[in-house]
Amino acid sequence: PGIWSSENVDYGAHGSNVAANLAVDSQGNVMLSYYTWVYKRFNLKTRSSGSWSPHEVILESEFVGEFNSLDIDSDGIPHICYFSNSGTKMKYAQMDNQLWNIDIINPDGYHEGYQCDLAIGNQNTPYIVYINYHTYQLMTAYRANDAWISEPITSIQDGAYCEIDVNSNGETQIVYSDQGII
């Protein structure tokens, strides 16, 4: 066991920085995505060579990114899924040439993505698990041939959290809670 240390990353107003997610790339650089209540910004910060970058605003809008998940692909590109209260849609963002490309995961969906988790699989394919609170279903989505495929996994009654991972064989594993049971 090592010795834990802590450091301040953003000095927002007390209680303003919420929904933080962390990912580390293959070079050991740390990326952090988080929503700032006071400034109503969805941010990304990167720590490389021992210091944090100034925050980069992903989106500046109220209640966009409050629920989010971050992962980094094998090329060092950040990918984020997040809930957008504007239109109550779950969205996906991928950095491309210093710009964010943003997709709506399921344009016909409603109240999807309050809880979402993202994992990057083989060939940098994004996989997402999320809860649709309109239909009370645990859902999964992945991108194939530049289109999103969303599929229900199971019905839930009171789902609270979900998480996804992809193993080295490209198989996804999902854990979720429903009525206090994992």
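Biologist: Is asparagine 124 buried or exposed?

Modeller: In this predicted model, asparagine 124 counts as buried, because its relative accessibility is 19% and the cut-off for buried is under 20%.

Biologist: Where does asparagine 124 lie, and what is its phi?

Modeller: Asparagine 124 lies in the loop between strand 10 and strand 11, and its phi is near 60°, a positive value in a residue other than glycine. Most residues other than glycine have a negative phi.

Biologist: What about threonine 125, buried or exposed?

Modeller: Threonine 125 is found in the loop between strand 10 and strand 11, and it counts as buried because its relative accessibility is 16%.

Biologist: Which residues is threonine 125 in contact with, leaving aside neighbours within four places in sequence?

Modeller: With those neighbours left aside, threonine 125 is in contact with Ala119, Ile120 and Arg143. The C-alpha atom of threonine 125 is also separated by 9.9 Å from that of valine 166, a residue 41 places away along the chain.

Biologist: Moving on to the strands, how do strand 11 and strand 12 pair?

Modeller: Strand 11, residues 126-132, and strand 12, residues 137-144, pair in the antiparallel sense over six bridges, and within that pairing isoleucine 131 has leucine 138 of strand 12 as its bridge partner. Four residues lie between the two strands of this hairpin, where tyrosine 136 takes a positive phi near 55°.

Biologist: And how many bridges join strand 12 to strand 13?

Modeller: Eight bridges join strand 12 to strand 13, which covers residues 147-155, and the two run antiparallel; here alanine 141 has serine 150 of strand 13 as its bridge partner. These strands form a hairpin with two residues between them, and asparagine 145 in the turn has a positive phi of about 55°.

Biologist: Which residues make up the largest nonpolar core?

Modeller: The largest nonpolar core has twelve residues in all, namely Cys81, Met90, Tyr92, Ile105, Cys116, Leu118, Ile120, Ile128, Tyr130, Met139, Ala141 and Trp148. Strand 8, strand 10, strand 11 and strand 12 each supply at least two residues of this core, and the largest share, three residues, comes from strand 10.

Biologist: What does isoleucine 105 touch, not counting residues up to four places away in sequence?

Modeller: On that count, isoleucine 105 touches Met90, Lys91, Tyr92, Ile128, Tyr130, Ala141, Trp148 and Ser150.

Biologist: Changing topic, how much space lies in the largest pocket, and which residues line it?

Modeller: About 160 Å³ of space lies in the largest pocket, and its lining consists of Ala19, Glu66, Phe67, Asn68, Tyr114, Gln115, Cys116, Asp117, Tyr161, Cys162 and Glu163. Strand 10 gives the largest share of that lining, four residues, while by class the lining has six nonpolar, two polar and three charged residues.

Biologist: Last one, how many helices and strands does the protein have?

Modeller: The protein has zero helices and 15 strands, and of its 182 residues 41% count as buried.

Note on methods
Residues numbered from 1 in each chain as written. Predicted model: local features only at pLDDT ≥ 70, side-chain atom pairs only at ≥ 80, totals over all residues. Heavy atoms only, no water. Pairing = 2+ DSSP bridges. Core = buried A, V, L, I, M, F, W, Y, C linked by side-chain atoms within 4.5 Å. Buried < 20%, exposed > 50% of the residue type's maximum accessible area, 1.4 Å probe, protein only. Contact = heavy atoms within 4.5 Å. 1 Å grid on protein atoms, 1.4 Å probe; cavity = no way out; pocket = protein on both sides within 12 Å on 5 of 7 lines; lining within 4 Å. Points joined across faces, edges and corners; volume = space filled by probe spheres on them. Nonpolar A, V, L, I, M, F, W, Y, C, P; charged D, E, K, R; others polar.
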